[in-house]
Amino acid sequence: MHIKSLSIKNWLGITELVKDLHKVNHISGDSGAGKTSIIEALEKAFTNRDRRTEVISHGASEAEILVQMDDGLQIERRIRTEKSPYLKVKHDSKGVASTEGFLKSLINGDIFRPIEFVGKTAKEQTEIILNMLPIGWAVDDIKSWFGEVPEANYQLHILQILKQIEDAYYSERTTVNTAINLINSNIEGIKRELPPNYDGNEWRAVNLQEQYNKLSEAESANKRLIEAQSLIDGLALRFEDIKQRSANAKEEKRLSFNRQRDSYSESIKRLENKVEQEQVSVTDADQRILDSSIRLDNELEQAIERMKLQYQMKKQSIREDIQIEVEQSRVFIAEYKEQIVEKRSSLSSIDALEKSELERIKEHEDSLIAAEQAKSGDAHHIVDTNELIDVAPLKIVADRAASMKEYLHEWERMNRMIRDDLAPKEERSSALTEKIQKARDLPKQLLMTAALPVEDLSVDSQGRIRINGTLIDGLSEGEAWEFAFKLAKAQSGELKVICLDGWQNLGSRQREIIEAAKYDDYQYFLLETVEGQALKIESMEG
């Protein structure tokens, strides 16, 4: 099946073109003349694929492509800006059902361009080839293989998807294993800090309080025993000390009471002297009044009569002052006598008070001696019924238990790390290893079901393309060209169209291709850039 004629209108840079086509079509012209537009028009007609965003010529509202095949098939496709696209496919004037699907069945993917293929990167070439491998799969298959649907680009080929899944699982396992190594390192660090063969369960069960209670009880018993012996040994000294302190207290009391007696006696003497002094003042009051009167009378007689009244007034004033003084002295005498009575009473009670205090001191002395004797009696009982306990072994046991319990927190932390951190990660790492191996094994299994487009082509477990065992990016230039043409022919489908864009760059290979075209069933489109030349289509059949 070959393309017989092509009609293009308002498509990309072509305003209108009607051309009969041949087995080998040489399309030449300057850059931008429309060479590539012709090939993209054929792609659009058969695959409905646009390589560019805007395909309708500037100023037009509709582009039209009409393809006539040599077997009577006719394809008419219109691309419109304001209406839905239009497609009509007829075969011998009869309509064809499922038009898009029918057209795509005539061409295996896209119109293959070997020269363009050789210029692509190994990654792009691999993706093109993998898309040629008909391996059936579904997301449910992914879920059944891995027990989940891992994150990946599910628009890619299944072999590339499996490689992405493998890489993702491998990356996760690396992260998990790094975490495992870190956890193991932490665990080993804790182990190094623990005593050799440390068993936390053993030391968790030890009652540390009970150990120290035993030690404390033993130490208390020893202390009581030592104190009892010391009490017995110092009893006589304590008796003497009590008696001496009691004697000192008695002497101090006697001195205190003597000082009080002396004080009261001196106070009484002072008060009696004051009473005597005041009594003198009271006793000679009349005589002093008489003497003063005589003295004043003498003065009065000698004074002028006019002064008589003045002296009378003075006499009266002195009389009043002395009477006041007398009254005041009587008051003082009464007060001093009361104080003398009070002091005599206190003085008389000192003897009784002294006797009472001395008796109280004696009673306290007897009480202390009795208490010491009672202690001595208990002490004798303690000494007679007890022996000193060797607390060193008890202290060693208690201290070792305390020391071992100090490691218990770290031991429990280590076990939590093993149980909660390490075990789940080791389980996940193991599961990831199984998934990684699954992702590596599946390509081999799937490739067994795929029909490879070219002889000697293989796909390794990592989804890489090999030709006769050589990676695609390791082929020589000649091997790469030969493989590209084989792939183009294998990929052309029923339409059997091969497009060579860049014909001017093939050099000596041009003759080989033209010679091969004489004997094969393929239709060729050879695109050559000729500077300054308008678009030209001609046959190159020899």
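Me: How does H5 pass H6, in a left-handed or a right-handed crossing?

Reply: Handedness is read from the near helix: turned anticlockwise from the far one by less than a right angle is left-handed, clockwise is right-handed. Here H5 passes H6 in a right-handed crossing. The model is predicted, so local features need pLDDT of at least 70 and side-chain atom pairs count only at 80 or more, while totals for chains, interfaces and linings use all residues. Residues are numbered from 1 along each chain as its sequence is written, and side-chain values use heavy atoms, without hydrogens and water.

Me: At what angle do H5 and H6 pack, and which residues meet?

Reply: Helix H5 covers residues 139-146 and helix H6 residues 158-193 (DSSP runs numbered from the N terminus: H or I of at least four residues for helices, E of at least two for strands). They pack at about 35 degrees, with axes 13 Å apart (lines fitted to C-alpha atoms over the stretch in contact, angles from 0 to 180 degrees between N-to-C directions). From H5, Ile-142, Trp-145 and Phe-146 meet Ile-158, Leu-162, Ile-165 and Tyr-169 of H6 (contact means heavy atoms within 4.5 Å). The residues of this contact split into 7 nonpolar, no polar and no charged (nonpolar: Ala, Val, Leu, Ile, Met, Phe, Trp, Tyr, Cys and Pro; charged: Asp, Glu, Lys and Arg; polar: the others, Gly among them).

Me: How many residues of E12 are buried, and who are its partners?

Reply: Of the 7 residues of strand E12 (residues 523-529), 6 are buried, so the strand is largely enclosed by the rest of the structure (buried is under 20% relative accessible area, exposed over 50%, partly exposed in between; 1.4 Å probe, protein chains only). E3 runs parallel to E12 over 6 bridges, with Val-24 bridged to Tyr-524. Strand E11 (residues 497-501) is parallel to E12 too, over 5 bridges, and Val-497 has Gln-523 as bridge partner.

Me: What does the side chain of His-26 make a polar contact with?

Reply: Its partner is the side chain of Glu-528, at 2.6 Å (a polar contact is an N or O pair within 3.5 Å; within protein, one atom must be able to donate a hydrogen and the other to accept it, and residues adjacent in sequence count only through two side-chain atoms). His-26 sits in strand E3 (residues 24-29) and counts as buried because its relative accessibility is 8%. Beyond four places in sequence, His-26 touches residues including Trp-503, Leu-526 and Met-540.

Terms used: Two strands pair if DSSP finds at least two bridges between them.
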